[in-house]
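Student: Could you take me through one part of this structure slowly? I'd like to look closely at the pocket and at the helix beside it.

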Amino acid sequence: MSDTKNINELPACPVETTLTLIGDKWKVLILRDLLPGKKRFGELKKSVGSVSQKVLTAQLRAMEESGLIHREVYAEVPPRVEYSLTELGMSLKPILDSMLVWGEGYKKQHSSQ
């Protein structure tokens, strides 16, 4: 079953739409790790953390279907696949930057207690 929805199936609320597309923990971490540039599957698996190969594959496919990432397959032996953010995916950078600032502030506030 696919995580993507056509425009008529998306929630009326824009916040809910955003959460539908990136509300999963792994998707946000994938976006974070692709902001600097292209990565191969193995690099993503290492940088994202304890995600299983099956879950990472499913998340990448869903994000590709929703237009957030681009998957480039090179005709080499062994095959090489690179993932990068699309323009739409890059447009999420301010949201991720805000999450970073908020998280730093939260950690700072709670570490002094």
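Tutor: First, a word we need: a pocket here is an open set of grid points, on a 1 Å grid over the protein atoms alone, with protein on both sides within 12 Å along at least five of seven lines. Keep in mind that this is a predicted model. The largest pocket has a volume of about 170 Å³. Now for what surrounds that space: its lining is made up of V28, L29, R32, L35, L96, D97, M99 and L100. Sort those residues by class and you get six nonpolar, two charged and no polar ones. Helices α2 and α6 (93-111) each bring at least two residues to this lining, and α6 gives the largest share, with four.

Let's stay with α2, which covers residues 25-34, and see what else it touches. Two packed helices are described by the angle between their axes and the distance between those axes. For α2 and helix α3 (residues 41-48), the angle is about 115 degrees and the axes lie 10 Å apart. Their crossing is right-handed. On the α2 side, the contact is made by W26, L29, I30, R32, D33 and L34, while α3 puts in L44, S47 and V48. Grouped by class, this contact has six nonpolar residues, one polar and two charged.

How values were computed. Residues numbered from 1 in each chain as written. Predicted model: local features only at pLDDT ≥ 70, side-chain atom pairs only at ≥ 80, totals over all residues. Heavy atoms only, no water. Axes fitted to C-alpha atoms, helices over the stretch in contact; angles between N-to-C directions. Left-handed = near helix turned anticlockwise from the far one by under 90°. Contact = heavy atoms within 4.5 Å. Nonpolar A, V, L, I, M, F, W, Y, C, P; charged D, E, K, R; others polar. 1 Å grid on protein atoms, 1.4 Å probe; cavity = no way out; pocket = protein on both sides within 12 Å on 5 of 7 lines; lining within 4 Å. Points joined across faces, edges and corners; volume = space filled by probe spheres on them.
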